[in-house]
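Open the model in your viewer and show the side chains.

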Amino acid sequence: MRFTPGVRTNWHSHAVGQTLHVTEGVGLVGTRDGSVVRIHAGETVICPPDEEHWHGAAADTFMSHLAMLEAKPDGGDPTTWLEPVTDELYEQAHKH
């Protein structure tokens with residue numbers, strides 16, 4: 001998936017977790033506790049099962065990543081989509 005500068009996902013979680021591997025640019029991954037990780041091409045981040053998080057491109061660069069996750073044991077969709085990340089929270093994330 002390729003994100004243009006400033007674009008990010010909504011808050012969401014994955015029943016079995018998610019692995020993100022950045023292939024281009026710089027991105028951000030934020031969690032509900034306010035932690036933000038800046039990720040660069042070649043780096044990988046693991047989001048634990050059921051952790052509410054968001055991810056997207058930094059404000060000044062494109063970001064591409066491979067997002068890997070497994071289906072739930074019953075074959076159902078493992079992703080729970082939640083509310084949008086506010087502009088204020090996204091701007092605050094750049095200060096980390």
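Which residue forms a salt bridge with Arg8? Select Asp87: the closest N and O atoms of Arg8 and Asp87 are 2.7 Å apart. Now look at where the two partners sit. Arg8 is in the loop between β1 (2–3) and β2 (12–14), while Asp87 belongs to helix α1 (residues 87–93). The pair links distant parts of the chain, 79 residues apart. Keep in mind that this is a predicted model.

Is Arg8 buried or exposed? Arg8 counts as buried, at 19% relative accessibility. Asp87 is exposed, with a relative accessible area of 51%.

Next stop: Arg32. Its side chain meets that of Glu52 in a salt bridge, 2.6 Å from N to O. Arg32 lies in the loop between β3 (18–31) and β4 (36–40), and Glu52 in the loop between β5 (44–47) and β6 (53–57), so the pair ties together parts 20 residues apart in sequence. Arg32 is partly exposed, at 42% relative accessibility. Glu52 is partly exposed too, with a relative accessible area of 30%.

Glu83 sits in the loop between β8 (79–81) and α1, 51 residues from Arg32. Glu83 is partly exposed, with a relative accessible area of 36%.

Now show Arg32, Glu52 and Glu83 together: they are linked in a network of salt bridges. How many salt bridges does the structure hold? There are four.

Methods
Residues numbered from 1 in each chain as written. Predicted model: local features only at pLDDT ≥ 70, side-chain atom pairs only at ≥ 80, totals over all residues. Heavy atoms only, no water. Helix = DSSP H or I, 4+ residues; strand = E, 2+ residues; numbered from the N terminus. Buried < 20%, exposed > 50% of the residue type's maximum accessible area, 1.4 Å probe, protein only.
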